[in-house]
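Colleague: I'm new to this one and would like a close look at a single part of it. Could you pick a helix pair and walk me through how the packing is built?

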Amino acid sequence: MFVIIGWVVAMGCIFGAYIVHGGNMGVILKALPTEMLAIMGGALGAFVVNNQPKVLKATLGGLGGVFKGSKYTKARYMELLALLYDILQKARKEGLMSIEKDVEDPHSSALFQKYATVGSDHHVVEFVTDYLRMMVSGNLNAHEIESLMDSEIETHHHEAHAPAAAVARLAGALPAFGIVAAVLGVVNTMGSVGQPPAVLGGMIGSALVGTFLGILLAYAVAEPLAGLMEQKVDEGSKELQCIKTTLLASMQGYAPQVAVEFGRKVLYSTERPTFSELEGHVKGKK
């Protein structure tokens, strides 16, 4: 919703100012189809050449996600921390081997089914169960697991960042494609020097529309989308950091209630539940 509102405000102000100053929208509308074909066609072709198929696929999915609200809400984080608390509490009371079945088959686990939002998230479940499995095996110490977690989070961040970087590169290229379209328009104009001044003026105006569109699409459309996609990637990495901090605190001997407090502190302040909110949620889920 905010993406649409932002575009409406940007386009309304830009074209509104043009009209107020006496601009003729007919010139832009007449040149729009051919200029957009040159700019967007060239940019799309270069975009395909510049990115691997997996990045192209991920970009399409990422662009769809920018029009939706963030799933990383306070309620989601409270559910995640409550899940971790229950798992760690069970392991503390009954021993690490008691969670082995939950780890091996999380989809049939009562603990994971209890928290439907995070329990149905493939990435969260995989990340949690992988490191719980290592904790159960007892073959790695906390420092080794922390190093492995950091490597996985970094890999996840780079992989998830690729679509945002691809759109950012596209934003950088669009003004250049606008210039290409404008140059072609000038070439066309120079080939019609015998035409009346009014006709030549219209052709030059149409050529300049290409430069305008390239810059507009870059800085009002593509670059803001790339920035928003990057922010969503950071939110996903933050969730994994929360899980990492909680599990490592447990491995270092802290009680489950203290371990989830470590995880809570990692979260962004805008989504971080208070101590009382988290405590009340955990107790209410028992």
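**A helix pair and its surroundings**

Modeller: Let's start with helix α4 (residues 74–94) and helix α12 (residues 275–284), which pack at an angle of about 55° with their axes 9 Å apart. That angle makes α4 oblique to α12. Angles under 35 degrees count as roughly parallel, over 145 as roughly antiparallel, 65 to 115 as roughly perpendicular and the rest as oblique. The axes are lines fitted to C-alpha atoms, for helices over the stretch in contact, and the angles run from 0 to 180 degrees between N-to-C directions. The helices themselves are DSSP runs (H or I, at least four residues; strands are E, at least two), numbered from the N terminus.

A word on where this comes from: it is a predicted model, in which local features need pLDDT of at least 70, side-chain atom pairs count only at pLDDT 80 or more, and totals for chains, interfaces and linings use all residues. Residues are numbered from 1 along each chain as its sequence is written, and side-chain values use heavy atoms, with hydrogens and water left out.

Back to the pair. On the α4 side, Lys74, Met78, Glu79, Leu81, Ala82 and Tyr85 meet Glu277, Leu278, His281 and Val282 of α12; contact here means heavy atoms within 4.5 Å. Sorted by class, the contact of α4 with α12 has six nonpolar, one polar and three charged residues. Here Ala, Val, Leu, Ile, Met, Phe, Trp, Tyr, Cys and Pro count as nonpolar, Asp, Glu, Lys and Arg as charged, and the others, Gly among them, as polar.

Helix α12 also packs with helix α11 (residues 256–266): their axes come within 11 Å and cross at roughly 130°. So α11 is oblique to α12, and this crossing is right-handed. Gln257, Val260, Glu261 and Arg264 of α11 make the contact with Phe275, Leu278 and Glu279 of α12. By class, the contact of α11 with α12 has three nonpolar, one polar and three charged residues. Another residue in α12 is Gly284, which counts as exposed because its relative accessibility is 62%; buried means under 20% relative accessible area, exposed over 50%, and partly exposed in between (1.4 Å probe, protein chains only).

Now turn to the other partner of α4. Its axis and that of helix α8 (residues 122–137) come within 13 Å and cross at roughly 25°, so α4 is roughly parallel to α8. This crossing is right-handed. Arg76, Leu80, Leu84 and Ile87 of α4 and Val124, Val128 and Leu132 of α8 make the contact, which divides into six nonpolar residues, no polar and one charged.

Leu247 is buried, with a relative accessible area of 1%. Leaving aside neighbours within four places in sequence, Leu247 is in contact with Leu84, Leu88, Val128, Tyr131, Leu132, Met135 and Met149. Leu247 and Leu88 are 159 residues apart in sequence, yet 8.3 Å apart in space, C-alpha to C-alpha.

Stepping back, the chain has 12 helices and zero strands, and 38% of its 286 residues are buried.

Definitions and conventions:
A crossing is left-handed if the near helix is turned anticlockwise from the far one by less than a right angle, and right-handed if clockwise.
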